[in-house]
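Please look through the sequence and the model shown here.

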Amino acid sequence: MTKPNPGPDREALLAELVGDAIPAWAIQVVRLNNVVAGRLGVTDTDVQCLHVLGHHGPTTPSVLAKHVNLTTGSASRMIDRLVAAGCVRRVADPGDRRRVLIEPTREGLDRVTAAYSGLIARTRDDLGAFDDEELGALVRFMRTAERGTAAETHRLKSASGGEEGSTGTHG
């Protein structure tokens, strides 16, 4: 794949994209997640946990803590909240009965799916105006952005002494 010619229009588009459009969208996603969390009676990080479990399946509390950037203590409190809300349950690991896995409940996944159904429908409608090539470019961008954001998170955590998890107000 050849790189496009960097012209003034391209630079203006890149500046708008990375300087305004992406940050503005990210703020709206955070705001939406906050509203969804409030409706579910949990925190924003708890909603992230449900997304992780819905995507990756049952996992150990320590792996889950890493996925959502929490200390193991904060993750334990998160899991307690999600169990109390009926969104997850603790189950014995079939491969090692001494270990516990956290798995989402059908009710928890259904509640999250229902909470995001309006956005999903609206996004599908919005994407209807895009052709297959444009959709492919969007998918490629999102996957690239996901990897780049994960790499930057790792770099910043490593630069700050390799802290495991957040010490913020998540838990």
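## Exposure and basis

Buried means under 20% relative accessible area, exposed over 50%, and partly exposed in between, with a 1.4 Å probe and protein chains only. Because its relative accessibility is 30%, Val 29 counts as partly exposed, and its place is in helix H1, where helices are DSSP runs (H or I) of at least four residues, numbered from the N terminus.

This is a predicted model, in which local features need pLDDT of at least 70 and side-chain atom pairs count only at pLDDT 80 or more, while totals for chains, interfaces and linings use all residues. Residues are numbered from 1 along each chain as its sequence is written, and side-chain values use heavy atoms, with hydrogens and water left out.

## A loop residue

Asn 69 lies in the loop between helix H3 (61–67) and helix H4 (72–84), and at 30% relative accessibility Asn 69 counts as partly exposed. Asn 69 and Tyr 116 are 47 residues apart in sequence, and their C-alpha atoms are 22 Å apart in space.

## Helix H6

Asp 132 lies in helix H6 (residues 132–159), and Asp 132 counts as exposed because its relative accessibility is 68%.

Note on methods
Helices (H or I, at least four residues) and strands (E, at least two) are DSSP runs, numbered from the N terminus.
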